[in-house]
Amino acid sequence: MQDAITKLLWDTTPLYPSPASAELEVDFVAAATEAEHFRRDYLGKTAELDAAGLLQAIIAYEILQERVGKPQMYAHLLFAADSEDDTNKALSQRAAEFGNLMARQLLFFELEIMAIPDETFASLSADERLANYRHYLASVRRFRAHTLPEREEQLLKRKDLTGADAFSRLFDELSASFSYRMTIDGEEREFTGEELLGFLHHPDPALRELAFATFLKRHEENSIVYSAVFNDITLDHSQELELRGYESPMEPTNVGNEIEAPVVERLMAVSEANYSLARDYFRFKAGLLKLPRLKNTDIYAPVGETGRSYTFAEAKELVLAAYRSFNPDYGPIIAAFFDERRIDVLPRPGKGGGAFCMGMTPTLPPYVLLNFTGNLRDVATLAHELGHGLHFVLAGSQTMLNYHAPLPLAETASVFGEMLLTRYLLENETDPAVKTSLLCAKIEDIIATTFRQNVLTRFEERLHLERREGLLTSNRICSLWWEENDKLYGDAVEMIDPYRWGWSYISHFIHSRFYCYSYTFAELLVLSLYRNYLNEGAAFIPRYEAILKSGAALSPADTAALAGIDLLAPDFWQKGYDFLRDLIDELKKLAI
Ligand SMILES: [Zn+2]
């Protein structure tokens with residue numbers, strides 16, 4: 001039994017034997033020393049380098065980034081697995097301070113790349129020796145108009161530790177510290193937040209509502225902290241916008257994503273124009289559940305095949321089979337996550353919520369964190385995170401600066417992996433009731449990654465714009481949240497009252513400004529890719545793989561073009577929603 005539980009914990013010893021190990025200490029010290037050397041060698045000299053010199057500097061910088069990253073990755077994993085452990089807390093804080101110091105030491109390098117005169121830069125960029133870094137260099141220079149002198153950049157970074165980063169840490173620790181008491185089957189028991197959210201997939205409507213309300217009410221009880229965190233994060237952002245001369249709250253994200261604001265606006269407007277598709281589905285689902293109208297706690301309720309649950313071993317086999325059926329070569333890559341115990345499976349107190357896959361450098365293996373409770377959604381999450389894992393492994397042939405896929409493409413392999421799982425499950429199922437439930441789950445998933453993320457993005461946008469006018473009361477934040485959700489749900493879904501606090505647990509708002517539209521972007525891109533796969537069959541696979549392998553070596557638009565996708569085509573986004581409409585029609589035919 002003990003052994004079985006151990007197998008569901010990840011094994012971080014290939015990184016370091018323990019948090020107290022000499023190896024970890026050595027790496028902290030060595031990375032700091034190398035950063036000093038790099039600074040000594042290149043400070044004030046980068047802009048004068050010729051192509052050969054710049055290449056050498058970039059390679060040294062990349063090696064250094066890998067060195068600096070490894071202890072931080074380790075600390076992050078330990079803290080995510082148990083944020084209540086004092087050793088993990090101390091290590092995580094140390095790694096954050098270390099990372100901050102290293103970033104301050106090294107930020108001169110990119111500032112000096114920005115300072116290269118245009119003409120010199122044009123000839124450097126054309127030099128074949130720098131071909132591997134052409135996109136990197138161009139992306140650095142995109143921030144040129146928004147960058148401050150080194151000393152100021154250093155000070156801002158330094159104050160982040162006690163500013164935005166500190167609030168972000170408080171948010172994580174507070175949220176992970178909650179345990180909840182709820183009565184189920186006449187017995188009061190303790191649950192983690194993730195377990196409560198897992199009940200949204202339970203067949204009993206009263207239990208779904210009770211679990212979600214219990215979860216949200218705890219957040220309401222901590223409204224002082226949550227509204228302070230949200231206010232401070234947004235104020236911090238608006239000050240940064242002002243200092244750096246950005247015009248809108250979303251602009252830094254768009255510049256980083258290499259996507260023009262009008263393209264993002266079109267993505268959002270097309271999503272809004274299709275909200276009626278979601279409402280149409282919600283009304284249909286109410287009929288399937290024999291309810292007059294859905295509450296928002298009914299959206300993920302199981303249909304037909306009620307309450308089916310999966311063991312982790314079953315989930316593993318399904319996900320492996322789904323990836324193998326697409327491309328047998330992916331089998332060993334996916335299997336290695338299980339064989340090498342790079343997945344932390346079960347929810348427990350002190351463990352971070354949600355799920356993630358962490359890939360840090362091309363030479364370190366990625367790790368996956370789950371909060372597996374056994375429903376179909378959890379199986380899909382496993383497929384999702386292993387999609388990220390596959391992406392990291394395939395991009396491992398890139399060098400460090402080209403390794404991390406740009407944000408808009410970061411969710412491509414993950415969302416595609418979920419699609420593969422659904423297709424595999426549908427193909428191996430003959431029972432129309434089960435097929436119905438699978439199709440519902442897929443449609444709900446698409447709704448969650450497109451429309452819901454659009455709601456989140458609109459909310460985040462209003463939050464930042466209103467914060468410019470002054471402090472936001474928690475009541476006001478609740479109203480903004482409610483209004484944006486209401487635009488999606490309309491009269492098709494009744495929101496339960498505690499859902500006013502639904503904003504307070506979404507960590508993307510805290511950790512990464514305007515991350516959420518990446519999900520909408522990725523889902524619609526994947527629907528197009530998937531349609532191409534259905535049309536082209538096996539010929540599609542190498543084109544798809546080219547996207548994953550390219551990491552960050554190209555811009556998002558150039559990367560998508562590798563698979564024949566034109567992100568800028570005016571009807572591109574609508575095609576994704578047309579695919580969703582087809583799925584809903586398919587469901588309606590099946591369920592009649
Ligand atoms: Zn993801």
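Predicted model: local features only at pLDDT ≥ 70, side-chain atom pairs only at ≥ 80, totals over all residues.
- His384 sits in helix 17 (residues 376–394). Glu411 sits in the loop between helix 18 (407–410) and helix 19 (412–427). The pair is 27 residues apart and links distant parts of the chain.
- His384 and Glu411 are both buried.

**Overall fold**

- The chain contains 26 helices and seven strands.
- The C-alpha trace spans about 70 × 55 × 50 Å along its principal axes.
- Of the 592 residues, 55% count as buried.
- Among contacts with a separation of 6 or more, 78% join residues 24 or more positions apart.
- The chain exposes about 24,300 Å², and carbon and sulfur atoms supply 53% of that area.

**Salt bridges**

- The structure holds 37 salt bridges.
- One of them joins the side chains of Arg39 and Glu150, at 2.8 Å from N to O. Arg39 belongs to helix 2 (residues 22–42) and Glu150 to helix 7 (residues 150–160), so the pair ties together parts that are 111 residues apart in sequence. Arg39 counts as buried because its relative accessibility is 18%, below the 20% cut-off.
- Glu466 and Arg476 form a salt bridge whose closest N and O atoms are 2.6 Å apart. Glu466 lies in helix 20 (residues 432–467) and Arg476 in helix 21 (residues 474–489), 10 residues apart. Glu466 is partly exposed, with a relative accessible area of 24%. Arg476 is partly exposed as well, at 28%.
- Lys575 and Asp571 meet through their side chains in a salt bridge of 3.9 Å, N to O. Lys575 is partly exposed at 34% relative accessibility. Asp571 is partly exposed at 39%.
- A network of salt bridges links Glu265, Glu272, Arg458 and Glu461.

Terms used: Residues numbered from 1 in each chain as written. Heavy atoms only, no water. Helix = DSSP H or I, 4+ residues; strand = E, 2+ residues; numbered from the N terminus. Buried < 20%, exposed > 50% of the residue type's maximum accessible area, 1.4 Å probe, protein only. Contact = heavy atoms within 4.5 Å. Areas by Shrake-Rupley, 256 points an atom, 1.4 Å probe, with all protein chains shown as cover. Salt bridge = Lys/Arg side-chain N within 4 Å of Asp/Glu carboxyl O.
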